[in-house]
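Dear colleague,

I am writing to hand over a structure that may be new to you.

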Amino acid sequence: MRTMLVILLAANIAKAEFTHKRHAELNLKCTFCHKGAETAERATFPGWKTCNSCHAEWSEQAIPSRRVYKVPDFVFFSHGRHAAGKVACAACHGDVKAQAVLIRHRDTKMADCIACHKTSKATVQCSACHEIGQ
Ligand code: HEC
Ligand code: HEC
Ligand code: HEC
Ligand code: HEC
Ligand code: HEC
């Protein structure tokens with residue numbers, strides 16, 4: 001019985017996935033793992049070396065990078081531009097530290113982009129988000 005339990009526990013640990021919630025109390029900056037989130041187009045996902053500063057056992061394959069938010073390639077989106085405009089991560093991604101599994105806080109359809117651009121008096125010109133004339 002006891003061996004069984006130990007094996008089950010071990011299997012659980014091996015399957016454990018990264019969650020923001022489990023790391024919330026460490027108060028890491030988002031950019032500790034998402035290096036481009038304030039300066040570049042892409043926020044990017046962390047590599048295993050970033051995890052290894054605390055977890056020696058992590059290998060490259062162990063890090064998940066599921067996609068919850070995605071815009072098509074023909075759309076121009078830049079994290080850096082929004083950070084420069086003081087739009088908080090939470091305005092688009094919600095309170096990720098409270099989430100055990102990331103849920104989509106806000107849609108990334110054109111209508112959703114435009115809705116916020118209108119209320120925050122940002123541009124709604126087609127050419128800001130699309131390359132015109134191709
Ligand atoms: C600054 C230190 C630090 C970094 C960096 C860090 N972690 Fe953690 N991680 C912790 C701590 C501390 C815990 C334990 C939290 C707790 O007890 O709930 C933990 C818990 C976990 C757990 C849960 C383990 C279990 O037994 O349920 C997983 C999975 C995990 N981390 C994966 C990752 C991954 C993947 C990365 C890189 C993307 C990462 N961690 C980066 C400190 C860190
Ligand atoms: C210790 C590293 C670490 C820190 C700190 C961290 N993240 Fe993450 N984040 C990850 C990893 C690993 C994933 C991919 C796994 C997942 O979805 O949970 C991820 C996924 C995400 C995603 C989902 C992207 C997508 O399309 O799937 C968002 C949004 C996100 N993080 C936002 C944030 C925000 C906002 C903060 C700061 C409040 C933050 N993260 C802090 C490691 C981190
Ligand atoms: C104005 C809305 C908005 C804000 C603000 C925002 N994001 Fe995003 N985020 C998105 C969209 C849209 C995508 C999908 C981008 C794509 O597909 O190219 C995304 C994708 C991501 C991803 C997936 C990896 C990647 O590089 O695409 C992560 C991680 C992420 N965001 C983290 C953050 C963090 C951390 C912040 C704050 C510093 C932040 N985001 C601020 C809308 C936003
Ligand atoms: C929560 C509000 C919000 C959402 C949602 C949002 N944006 Fe924005 N966006 C802004 C603000 C505010 C600015 C202006 C930043 C500045 O002036 O520095 C901006 C600026 C931009 C710019 C730069 C425009 C220029 O003047 O060159 C682009 C491109 C852009 N957003 C694309 C998008 C796309 C694509 C989406 C949807 C996937 C989106 N945004 C969703 C608030 C938002
Ligand atoms: C703030 C950013 C933004 C602006 C401004 C914007 N779009 Fe879009 N557009 C998007 C996003 C994001 C998508 C992809 C998601 C979707 O299909 O809703 C998209 C998709 C599209 C599509 C493809 C729709 C489909 O069903 O495949 C067309 C066509 C389009 N936009 C035309 C325009 C025109 C014309 C304008 C100017 C009147 C415009 N867009 C302004 C963000 C924007």
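The notes below take up the chain as a whole, then the surroundings of two ligands, and lastly some individual residues.

Overall features

Please bear in mind that this is a predicted model. The protein chain holds 8 helices and 0 strands, so that from the N terminus on its elements run α-α-α-α-α-α-α-α, as the assignment of helices and strands gives them. Of the 134 residues in the protein chain, buried ones make up 3%. Among the contacts with a separation of 6 or more, 55% are between residues 24 or more positions apart.

Confidence

The average pLDDT of the protein chain is 86, and 83% of the residues score at least 70. Among the elements, α5 has the highest mean pLDDT, 98, while helix α1 (residues 2–15) has the lowest, 46. Over residues 4–14 the pLDDT stays under 50, and the model has 0 contacts beyond four places in sequence for them. Where pLDDT is low, predicted coordinates should not be read in detail.

Surroundings of ligand 4

Which residues are the closest to ligand 4? They are Gly-85, Ala-91, Cys-113, Cys-116 and Ala-122, out of 22 residues that surround this ligand. Four helices each supply at least two residues of the shell, namely α5 (79–84), α6 (89–93), α7 (110–119) and α8 (126–129). The largest share comes from α7, with 4 residues. By class, the shell around ligand 4 consists of 13 nonpolar, 7 polar and 2 charged residues.

Surroundings of ligand 5

Ligand 5 is surrounded by 15 residues, and the closest are Lys-109, Met-110, Cys-113, Cys-126 and Cys-129. Two or more residues of this shell are given by each of α7 and α8. Here too, α7 provides the largest share, 4 residues. The shell around ligand 5 divides into 10 nonpolar, 4 polar and 1 charged residues.

Helix α7

Lys-121 follows α7 and has a positive phi, near 55°.

Two individual residues

Glu-131 has its place in the segment after α8. This residue has 10 other C-beta atoms within 10 Å; because a residue with 12 or fewer counts as exposed, Glu-131 is exposed.

Ala-40 is found in the loop between α3 (30–33) and α4 (48–52). With 14 C-beta neighbours inside 10 Å, Ala-40 counts as partly exposed. Leaving aside neighbours within four places in sequence, Ala-40 is in contact with His-79 and Gly-80. The C-alpha atoms of Ala-40 and His-82 are separated by 9.9 Å, and these residues lie 42 apart along the chain.

With kind regards

How values were computed:
Residues are numbered from 1 along each chain as its sequence is written. Chains are lettered from A and ligands numbered from 1 in the order in which they are written. This is a predicted model: local features need pLDDT of at least 70, side-chain atom pairs count only at pLDDT 80 or more; totals for chains, interfaces and linings use all residues. A residue is near a molecule or strand if its C-beta atom, placed from the backbone, lies within 6 Å of it. Ala, Val, Leu, Ile, Met, Phe, Trp, Tyr, Cys and Pro count as nonpolar, Asp, Glu, Lys and Arg as charged, and the others, Gly among them, as polar. A residue is buried if 20 or more other C-beta atoms lie within 10 Å of its own, exposed if 12 or fewer, and partly exposed in between; C-beta atoms are placed from the backbone. Two residues are in contact if their C-beta atoms, placed from the backbone, lie within 7 Å. pLDDT is the predictor's confidence in each residue, from 0 to 100.
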